[in-house]
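The exercises below ask you to read a protein model step by step, with a worked solution after each task. Please look at the sequence and the model before you start.

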Amino acid sequence: ARTGHLARVRHLEVHGESVESSNAGLRTAMNLTGTHRSQVQRGDELIAPDSYSLCSRFLANLRLFDAAGPIRCPAEFLFHTATKQCEARITGPKDLVANRENTVIIHTNEPVLFSYGQPFLLRSPYPVGSVASGQFMDPLDGIDKKTSQILEIANQHRDTDRSSSLKRRVHLCDQIQVTDPRIETEMGISTDTLEQHLKMAVADPTLQRQGDMLISVQIGRAHV
């Protein structure tokens with residue numbers, strides 16, 4: 001994902017045995033063509049073309065550990081997700097409190113692969129260690145709303161159900177295309193259940209559906 005290079009998987013092995021497919025959580029060896037080992041770094045991820053987005057700014061749900069104590073924003077930490085490590089800056093509420101869900105904006109100094117609900121850790125330099133865990137909510141690259149506006153939208157639609165995720169994304173982006181394949185990877189909504197969630201979303205008077213577009217009502221009024 002980081003390089004954008006196309007590669008073909010020629011062969012898979014799991015624990016030394018040849019297989020036709022593998023799943024998350026299994027240690028898997030891959031024989032790749034189209035790329036050289038010098039182009040691959042720790043933390044790189046292999047994805048299908050146009051299936052995921054890279055971002056360096058995203059909305060997240062954060063829970064501080066007891067030992068971390070209160071944290072004041074903005075704050076800087078080491079960011080860990082999957083095998084990726086980079087530096088991150090946290091903005092959001094002035095004070096973050098332990099044992100409570102905190103909605104924050106995270107800026108990373110390197111692009112990370114965004115996958116809805118993917119867990120991450122925030123760490124301080126030794127000897128403090130891990131200070132918080134969290135989950136990805138929404139990518140924010142290209143969204144020019146103020147921090148206060150983003151957090152207001154997030155807190156209005158912070159429920160974990162997929163319909164709330166859909167509403168939040170539309171209000172953040174002003175409009176989305178419902179045929180975009182990244183709806184599944186970035187909002188956790190499968191193609192089988194998409195129409196069901198769209199019907200629930202448009203029951204909200206702040207949203208309108210116009211063909212393949214789901215639009216925030218303020219944008220919809222601008223076109224009337």
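**Exercise 1.** Find the element that holds Ile176, decide whether Ile176 is buried or exposed, and list which residues Ile176 is in contact with beyond its neighbours within four places in sequence.

Solution. Ile176 has its place in strand 12, which covers residues 175-177, and it should be kept in mind throughout that the model is a predicted one. The relative accessible area of Ile176 is 10%, and since buried means under 20%, Ile176 counts as buried. Once the neighbours within four places in sequence are set aside, the residues in contact with Ile176 are Leu166, Arg169, Val170, Ile183, Met187, Asp212, Met213 and Leu214.

**Exercise 2.** Trace how strand 7 pairs with strand 6 and with strand 9, and name the bridge partners of Glu76 and Thr91.

Solution. Begin with strand 6 (residues 75-81) and strand 7 (residues 84-91), which pair in the antiparallel sense over seven bridges; here Glu76 has Arg89 in strand 7 as its bridge partner. The hairpin of these two strands has two residues between them, and in this hairpin Ala82 takes a positive phi near 50°. Then follow strand 7 to strand 9 (residues 101-114), where the pairing is again antiparallel, over four bridges, and where Thr91 has Ile105 in strand 9 as its bridge partner.

**Exercise 3.** State how many aromatic pairs the structure holds, and classify the pair of Phe58 and Phe114 and the pair of Phe58 and Phe120.

Solution. The structure holds eight aromatic pairs. In the pair of Phe58 and Phe114, the ring centres are 6.4 Å apart and the planes stand at 65°, so this pair is edge-to-face. Phe58 belongs to strand 4 (residues 53-64) and Phe114 to strand 9, and the pair links distant parts of the chain, 56 residues apart. The pair of Phe58 and Phe120 is edge-to-face too, with 6.4 Å centre to centre and 75° between the planes. Because Phe58 lies in strand 4 and Phe120 in strand 10 (residues 119-124), this pair ties together parts that are 62 residues apart in sequence. Phe58 and Phe114 are both buried, and Phe120 is buried as well. Finally, Phe58, Phe79, Phe114, Phe120 and Phe136 form one aromatic cluster.

**Exercise 4.** Identify the buried residues of helix 4, and find what these residues pack against.

Solution. In helix 4 (residues 194-202), the buried residues are Leu194, His197, Leu198 and Ala201. They cover an arc of only 105° around the axis, and so they lie on the same side of helix 4. The elements that these buried residues pack against are helix 2 (162-173), helix 3 (182-187), strand 13 (207-210) and strand 14 (213-216).

Definitions and conventions
Residues numbered from 1 in each chain as written. Predicted model: local features only at pLDDT ≥ 70, side-chain atom pairs only at ≥ 80, totals over all residues. Heavy atoms only, no water. Pairing = 2+ DSSP bridges. Phe/Tyr/Trp six-rings, centres within 6.5 Å; stacked < 30°, edge-to-face > 60°. Buried < 20%, exposed > 50% of the residue type's maximum accessible area, 1.4 Å probe, protein only. Arc of directions from axis to C-beta. Contact = heavy atoms within 4.5 Å.
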